Amino acid sequence: MNTDREVDFEHVPSGVPMDETDVSLRAYLAGLSEEHLAEYDPGWSDERVVEWDGNFRSDGALMLVCCERDVDVHEFRRVFEEHLAYRHFRSADPKERDAGGS
């Protein structure tokens, strides 16, 4: 069975054109600890998400290396929630995954 470290989270979802910023954002998210991920609450305000992440600049963009464009909190949240859903799917019981369960 693959572990999260073996999954190429930088290119998920596959088949979707991505620029350097898309890949860099996904690599950043893949590096967050399980403990930190578990703290996230989708009901938080944008300001709370920025505070929780702790890696946003004063101009409102996420600090990333190798990026062509700025990532704001709205894009961050969208990609982050996709990332969480995929990680949850990957860690689910194989019977649940095969059945398409959530």
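## A tour of the aromatic rings

Start by selecting tryptophan 52, which is buried, with a relative accessible area of 7% (buried means under 20%, exposed over 50%, partly exposed in between, with a 1.4 Å probe and protein chains only). Before moving on, note that this is a predicted model, in which local features need pLDDT of at least 70 and side-chain atom pairs count only at pLDDT 80 or more, while totals for chains, interfaces and linings use all residues. Residues are numbered from 1 along each chain as its sequence is written, and side-chain values use heavy atoms, leaving out hydrogens and water.

**Stop one: Tyr40 and Trp52.** A search of the whole structure finds 7 aromatic pairs. Select tyrosine 40 together with tryptophan 52: their ring centres are 5.4 Å apart and their planes lie at 50 degrees, so this pair is tilted. For the cut-offs, rings of Phe, Tyr and Trp (its six-membered ring) pair if their centres lie within 6.5 Å; planes under 30 degrees apart are stacked, over 60 edge-to-face, and the rest tilted. Tyrosine 40 sits in the loop between α2 (34-39) and α3 (46-53), and tryptophan 52 is in helix α3, 12 residues apart. Helices here are DSSP runs (H or I, at least four residues), numbered from the N terminus. Tyrosine 40 is buried as well, at a relative accessible area of 9%.

**Stop two: Phe56 and Phe76.** Next, select these two phenylalanines, an edge-to-face pair with 5.4 Å from centre to centre and 80 degrees between the planes. Phenylalanine 56 is in the loop between α3 and α4 (73-91) and phenylalanine 76 in helix α4, so the pair ties together parts 20 residues apart in sequence. Phenylalanine 56 is buried at 11% relative accessible area, and phenylalanine 76 is buried at 0%.

**Stop three: the cluster.** Now show Tyr40, Trp44, Trp52, Phe56, Phe76 and Phe80 at once: ring pairs link them into a cluster.

**Stop four: His36.** Select histidine 36 in helix α2. What does histidine 36 touch, not counting residues up to four places away in sequence? Look for Trp52 and Asp53, with contact meaning heavy atoms within 4.5 Å.

**Last stop: confidence.** Colour the protein chain by pLDDT, the predictor's confidence in each residue, from 0 to 100. The chain's mean is 81; confidence is highest in α3, at 97, and lowest in helix α5 (residues 94-98), at a mean of 50.

Definitions and conventions. Helix = DSSP H or I, 4+ residues; strand = E, 2+ residues; numbered from the N terminus.
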